[in-house]
Amino acid sequence: MDEKCPKIPASVPQFTNCPTMVILVGLPARGKTYISRKLTRYLNWIGIPTKVFNVGQYRRDAVPSYENYEFFRHDNEEAMRIRRQCALAALKDVRTYLSSGEGQVAVFDATNTTRERRALILRFAKENGYKVLFIESICDDPKIIEENIKQVKLSSPDYKGREQDEVVTDFLQRIECYKATYELDEELDSGLSYIRIFEAGRRYLVSGVQGHVQSRTVYYLMNIHLAPRVIYLSRHGESQLNLRGRIGGDAGLAPRGRQYAQALAEFIRGQRLRELKVWTSHMRRTIETAEALGVPYEQWKALNEIDAGVCEEMTYEEIQERHPKEFALRDQDKYRYRYPKGESYEDLVQRLEPVIMELERQENVLVICHQAVMRCLLAYFLDKSSDELPYLKCPLHTVLKLTPVAYGCEVESIFLNVEAVNTHRERPQNVDISRPSAEALNTVPEHY
């Protein structure tokens, strides 16, 4: 493989909406991959197509058998050649992704600790007309570093089948190899766009941020934290309109819904949380569910159910009868379809962004919300695509317990043994506007 970056004319203009490269910088075990994946998940969720290019994975593909830290010594010429080739291969894939017309942001996840490597990336970005934002993670707290090694590196393919002490020892020596060539110069970096994150978010330094994507990125990074926590997502108890198969509205709880509210209160008490915040929408059914908890709760208008516009309080059968074209259009693209005088799932994601930001700032939270809202929140935490989002299953009378972990989120579904109607409608096979009513309605759940 040619070690030189493939050249295109250096005069490529940098348009306002040109693609962005986000470049991670920092020693190993500083949370770069955690930041990369979390940021990518967020940007994709808000509708900015983003992909991570992890150079470590390119290296593992090139050298499947890792022996020890000696591979990362700066005087290991053969290893240095391989590592440079892996970086160039990743850059080539970045260009393919961003030039495809689908990608808007490429996150380049590597140490990038030498000035030579960062200059190579900057040349590449300039030649291709990309904006660049550096994210540098600086951490000298031995407790945070050791915890990162134990949480992430013990399960790395590099250390498969090795004892914990051996892994920690080797990885600490790997860090020393990178320290030998780590180059920082604030004066030389003064013209760059970057955010420096100190000690896993205790302090930040931001400089030269340009444009919408970089601003959103910095805002997001300044709101996330690493503290252990649990997020509980629950729909309200079964409502009077749920029983009748009617969407939207502002009905109160049905008898089984009130029973669920009591069961939820008992479940939450059994979790024995040191501190828990409870959030609801402004709608009666979530407020009545929260009242049973006997604790203070906060109401968010942003958590209100998706606005079904002219279809509010209708059954699916009535929508098919009165608005068959709208019903078919929604089945064709449920994420982007907007109810007449109402909202789409895409609108709902934008409405919920402040809720996500506040959830990232908080520790333990119980969110009592609605089916479409819960789907949007769940899609963020589980990294689901816009095609998957509107069909995520969020049944009544079930708590989803989300526990953020190193590179994702563990989810546990807990049914609280109170029966309820099914409100989940799968996408029918026939989504044509001229379809027969029977085919439009064959996935509608039973109701009274």
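How many nonpolar, polar and charged residues does the lining of the largest cavity have? In this predicted model, that lining has 11 nonpolar, 10 polar and 9 charged residues.

**Largest cavity**
- The structure holds 5 cavities of 30 Å³ or more, and the largest cavity contains about 410 Å³ of space.
- Its lining is made up of 30 residues, with I247, G248, E305, Y316 and Q371 the closest to the centre.

**Second largest cavity**
- The volume of the second largest cavity is about 90 Å³.
- Around the second largest cavity you will find V25, R118, F134, E136, L184, D189, L192, Y194 and R196.
- Strands β4 (131-138) and β5 (194-198) are the elements that give two or more residues to that lining.
- By class, the lining of the second largest cavity has 5 nonpolar and 4 charged residues, and no polar ones.

**Second largest pocket**
- The second largest pocket has a volume of about 360 Å³.
- Of the 18 residues lining this pocket, N44, W45, K384, S385 and S386 lie nearest its centre.
- Helices α1 (32-45), α13 (345-361) and α14 (371-382) each supply at least two residues of the pocket lining, and the largest share, 3 residues, comes from α1.
- The pocket lining divides into 8 nonpolar, 4 polar and 6 charged residues.

Definitions and conventions: Residues numbered from 1 in each chain as written. Predicted model: local features only at pLDDT ≥ 70, side-chain atom pairs only at ≥ 80, totals over all residues. Heavy atoms only, no water. 1 Å grid on protein atoms, 1.4 Å probe; cavity = no way out; pocket = protein on both sides within 12 Å on 5 of 7 lines; lining within 4 Å. Points joined across faces, edges and corners; volume = space filled by probe spheres on them. Helix = DSSP H or I, 4+ residues; strand = E, 2+ residues; numbered from the N terminus. Nonpolar A, V, L, I, M, F, W, Y, C, P; charged D, E, K, R; others polar.
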